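Hi,

Here is the structure I promised to pass on. Have a look at it, and then read my notes below.

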Amino acid sequence: MEFDATSTKFDVVLGIDSASFSAGIAELYNAPDKKAYDAFFQGEYQGQGVEGTWAVVGDAPDFRFEAPTLEKWRDSVDKNGQHPPDGDLPADNVFVLSIPSLQMAVTKLPTVSPEVEFYGQVTLTTDSESNTPTVSLTPLAVWADESQLGQAKPFVNGIILPQVFKKLATVLEGHEIPSQQFPFGQTTLELTIVGVLITDTHLIVVATDGDTTAVAVPSAWPTDPVFAIVNRGYALNLAQQAAAANKNKTLYDKQPDGTNKTASLAAKAVLASVDDITVSSTDATSWSGELNVSFDVSATVLGSTCALKKAGNNIQ
């Protein structure tokens, strides 16, 4: 589904930059127990009379939010070891997973450690069973610097890289962002993903909670590594729901436990209503309002009850 900035509307926008994505991959790569490394960053291969091993070595792989060059794309291979058709360079929502050094030991040939790039695309698809949109990272192809391959080139392209593709695809395909449901007061909010976009720096995910409050997406995105934007109309709607859900809610209730026969204190505070709710003009997650709270406090001294305070109070 193509992102259209002129028609896409939002209630909530989430953004994450390539460095934050890279940090997630590095955490798997550098995990002390090596379980993730063994599962995703190394493997064995065999076929066409050769066998051996491959392993990501040195620096951890990192993400770049950009498309491959046409030259590298033409030299890349898919999961079947086939080069992509000419002129089929992907342009929208494409990313590069760069591997500085992939060590490959080929039978009876010198070990090679070329730079490798793994190409993928962020897509928004609809699940056939649940009919809900899901953001997925779709593997496309894998490329290796052939200038470093020598006699191993045909084996690398035909046998090793397709197996590397399948292993790394497992890592990427595990990153899915489905529509989210979560309780809020007396109701359940459901944020449905309606758009996905890769900019030069960020992966952007756009979601709505229906069409009632959604507004056009911003013309410019924040530059923070990870950010969330909530539109003010949606925030106000949530604040009003929260106020309604908490009307007449007891905030504090302390009654005598009967252990003190000389003196005791009873107190109760009830939130009668939240009025005049406003949303900050600069931060849609900051709300304010007028709280109407009813207080009832009394004391019993030597069996005689005295009402110390019993009134309604407004707290802003």
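Two residues are in contact when they have heavy atoms within 4.5 Å of each other. Bear in mind that this is a predicted model, where local features need pLDDT of at least 70 and side-chain atom pairs pLDDT 80 or more, while totals for chains, interfaces and linings use all residues. Residues are numbered from 1 along each chain as its sequence is written, and side-chain values use heavy atoms, with hydrogens and water left out.

Let's start with serine 98, in strand β6 (residues 94-99); strands are DSSP runs of E, at least two residues, and helices runs of H or I, at least four, numbered from the N terminus. Leaving aside neighbours within four places in sequence, serine 98 touches Pro61, Asp62, Arg64, Glu115 and Val116. Its relative accessibility is 5%, so it counts as buried (under 20% relative accessible area; exposed is over 50%, partly exposed in between; 1.4 Å probe, protein chains only).

Now the rings. Phe, Tyr and Trp (its six-membered ring) pair if their centres lie within 6.5 Å; planes under 30 degrees apart are stacked, over 60 edge-to-face, the rest tilted. That gives eight aromatic pairs. Phenylalanine 63 and phenylalanine 95 have ring centres 5.4 Å apart and planes at 55 degrees, so this pair is tilted. Phenylalanine 63 is in strand β5 (residues 62-64) and phenylalanine 95 in strand β6, so the pair ties together parts 32 residues apart in sequence. Both phenylalanines are buried. They also belong to an aromatic cluster with Phe21 and Phe65.

Cheers
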